Amino acid sequence: MTVPQLPKSSTLKTFPHIKHDPSTLPSSLDPFTITTSTGFLPYKIAPTTLPEVFKPLVSLLDRMPVVKADGAPGLLATYDLGDAVKELPDLTGEVDKLIAPDGSPDLYTITAIFRDYSFLASAYILEPCWERWTKNPDDGYGLGRDVLPRAIAGPMWRCAKLLDLPPFMSYAAAYSLFNYTLDNPAEGLKYDNLRLIRAFERGLDPKSSEAGFILTHVDMVKESSSLISGAVRVLDTIEQGGRRSEVNDGFREILQAMEKIEECMEEMWAKSKPADYLSFRVFIFGITSQSMFPNGVIYEGCDDNRPQFYRGESGANDSMIPLLDHLLQIPMPSTPLTKILHEFRDYRPLPHRKFLKHVCEKAEELSVRDFAMQDKETVVLFLKALDHVRSFRWRHWLFAREYIIRRTPHPTATGGSPIVTWLPNQLSAVMDFMISIYETYLAPGVVTPVTEHRKSQNGHQEAPYQYHKQVESMMERVRDQREKLAKEVEKWCQERGV
């Protein structure tokens with residue numbers, strides 16, 4: 001008997017490389033081209049060396065950290081980076097000479113150039129803030145440099161244009177996900193095998209808190225391949241009219257991925273000490289909504305020398321939780337805080353933005369939420385996926401509270417969002433959504449505790465799906481946490497006069 005072929009999914013049509021072996025992808029592709037084996041990590045680990053013509057840039061970066069790779073003090077230790085930058089030639093014209101074998105721009109190498117200029121740019125404009133904070137942390141950050149020299153601004157601006165990114169330090173394409181290499185390639189992506197390529201303070205020491213902060217993010221995102229695979233499985237199966245059991249397995253794949261991601265996330269406490277964070281944090285502030293740059297920053301020779309305003313590096317620019325936000329159709333409140341969430345989208349690599357947009361549109365078109373609500377087993381899996389979003393965001397709030405809020409009165413996060421109220425905006429939305437679904441579909445008296453027997457793919461009768469007390473326990477935790485969060489936010493707002 002001929003088995004009818006399902007139509008090609010819109011995911012495969014839109015993202016033809018998603019199932020490809022990443023080792024076969026050309027360097028002309030954006031290094032963040034998504035595959036189900038590399039997830040949101042680049043399809044190839046970032047280069048640690050640049051073309052010879054960029055040797056002056058590499059020399060500056062090697063000398064720049066507070067503590068260099070050899071353990072000696074660097075330019076930022078003596079506050080001499082500003083003068084040293086004067087030796088840098090303008091290499092803007094060299095960027096367009098970076099051509100892949102297929103004749104297209106070599107986006108893999110261009111991203112490495114962008115990463116390195118981003119590190120230099122942030123260190124340069126924030127060096128005065130670093131000096132002031134180092135000498136007297138209680139005196140605030142003062143003012144940063146408000147003119148970025150042409151020799152830095154020009155090449156970075158050109159790289160950003162080719163990559164369709166804002167010309168500023170970004171989470172994925174610069175600070176974190178394109179800023180690691182392997183000590184021993186044969187050992188793969190084990191945490192202890194990860195090493196930073198660039199750092200501001202002491203991050204070239206893999207045991208430092210700066211390295212721990214950045215590499216913990218890499219460690220988390222290495223698990224994103226299963227997250228993407230599960231999301232694609234859910235969308236494609238619904239789109240093609242496949243079995244509900246296949247959709248449920250897609251949700252299970254997501255749950256397993258999130259368990260691993262959150263296990264890696266929990267390691268942040270040990271790998272990056274809260275007391276150390278404010279030190280290297282100085283270098284990842286942005287320009288937008290920051291007291292250090294009241295008039296923006298002029299990129300010399302770019303955009304008619306008009307002041308520029310960009311948001312700083314932030315883990316909120318990661319793509320994993322936004323993927324679930326879209327797939328699960330989590331409603332966000334219409335507030336200025338949610339507007340910042342939307343602004344962060346522009347700082348993700350172009351392939352990430354396209355993929356998240358696709359997931360958002362397909363989830364809406366297929367009404368993933370309504371599909372899930374038609375079956376009790378799927379409802380529970382859907383609710384558990386939401387609980388992982390809650391858990392992730394709750395832990396993020398705890399990090400913000402313990403690493404930042406308790407330790408500094410500075411009112412804004414590195415990305416320019418209000419430090420006290422921004423994370424609770426999203427976290428509260430998820431908890432409200434969970435409570436709404438539970439009370440509508442799963443609360444005692446609303447549904448029976450056992451679904452009907454269903455037949456497996458081989459025709460055998462499956463055991464009934466049990467509605468366990470664990471769901472009630474989960475929801476009790478959500479309600480308690482929502483109340484606790486509201487009290488904490490009110491307390492911090494009162495103390496800070498927000």
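This is a predicted model: local features need pLDDT of at least 70, side-chain atom pairs count only at pLDDT 80 or more; totals for chains, interfaces and linings use all residues.
In which direction, left-handed or right-handed, does α10 pass α17? The crossing of α10 past α17 is left-handed.

Now look at how the two helices are placed. Helix α17 covers residues 376-405, and its axis comes within 9 Å of the axis of α10, with a crossing angle of roughly 20°. Angles under 35 degrees count as roughly parallel, so α10 is roughly parallel to α17.

## Who makes the contact

On the α10 side, the contact includes Phe251, Leu255, Met258, Ile261 and Met265, along with Arg252 and Glu262. On the α17 side, the residues in contact include Leu381, Phe382, Phe392 and Phe399, as well as Glu377, Lys384 and His388.

What classes of residue does the contact of α10 with α17 have? There are 10 nonpolar, five polar and eight charged residues.

Helix α10 has another partner to look for. Glu253 and Arg233 form a salt bridge, and their closest N and O atoms are 3.4 Å apart. Glu253 sits in helix α10 (residues 244-266), while Arg233 belongs to helix α9 (residues 224-239), so this pair ties together parts that are 20 residues apart in sequence.

Are the two partners buried or partly exposed? Glu253 counts as buried, at 17% relative accessibility, whereas Arg233 is partly exposed, with a relative accessible area of 27%. The pair also belongs to a network: salt bridges with shared partners join Arg233, Glu246, Asp249, Arg252, Glu253 and Glu377.

## Two more pairs to find

Lys222 is partly exposed, with a relative accessible area of 22%, but Asp219 counts as buried at 8% relative accessibility.

The other joins Glu187 and Lys190, with 3.7 Å between the closest N and O atoms. Here Glu187 is partly exposed, with a relative accessible area of 39%, and Lys190 is partly exposed too, with 49%.

Technical notes: Residues are numbered from 1 along each chain as its sequence is written. Side-chain values use heavy atoms; hydrogens and water are left out. A salt bridge is a side-chain nitrogen of Lys or Arg within 4 Å of a carboxyl oxygen of Asp or Glu. Buried means under 20% relative accessible area, exposed over 50%, partly exposed in between (1.4 Å probe, protein chains only). Helices (H or I, at least four residues) and strands (E, at least two) are DSSP runs, numbered from the N terminus. Axes are lines fitted to C-alpha atoms, for helices over the stretch in contact, and angles run from 0 to 180 degrees between N-to-C directions. Angles under 35 degrees count as roughly parallel, over 145 as roughly antiparallel, 65 to 115 as roughly perpendicular and the rest as oblique. A crossing is left-handed if the near helix is turned anticlockwise from the far one by less than a right angle, and right-handed if clockwise. Contact means heavy atoms within 4.5 Å. Ala, Val, Leu, Ile, Met, Phe, Trp, Tyr, Cys and Pro count as nonpolar, Asp, Glu, Lys and Arg as charged, and the others, Gly among them, as polar.
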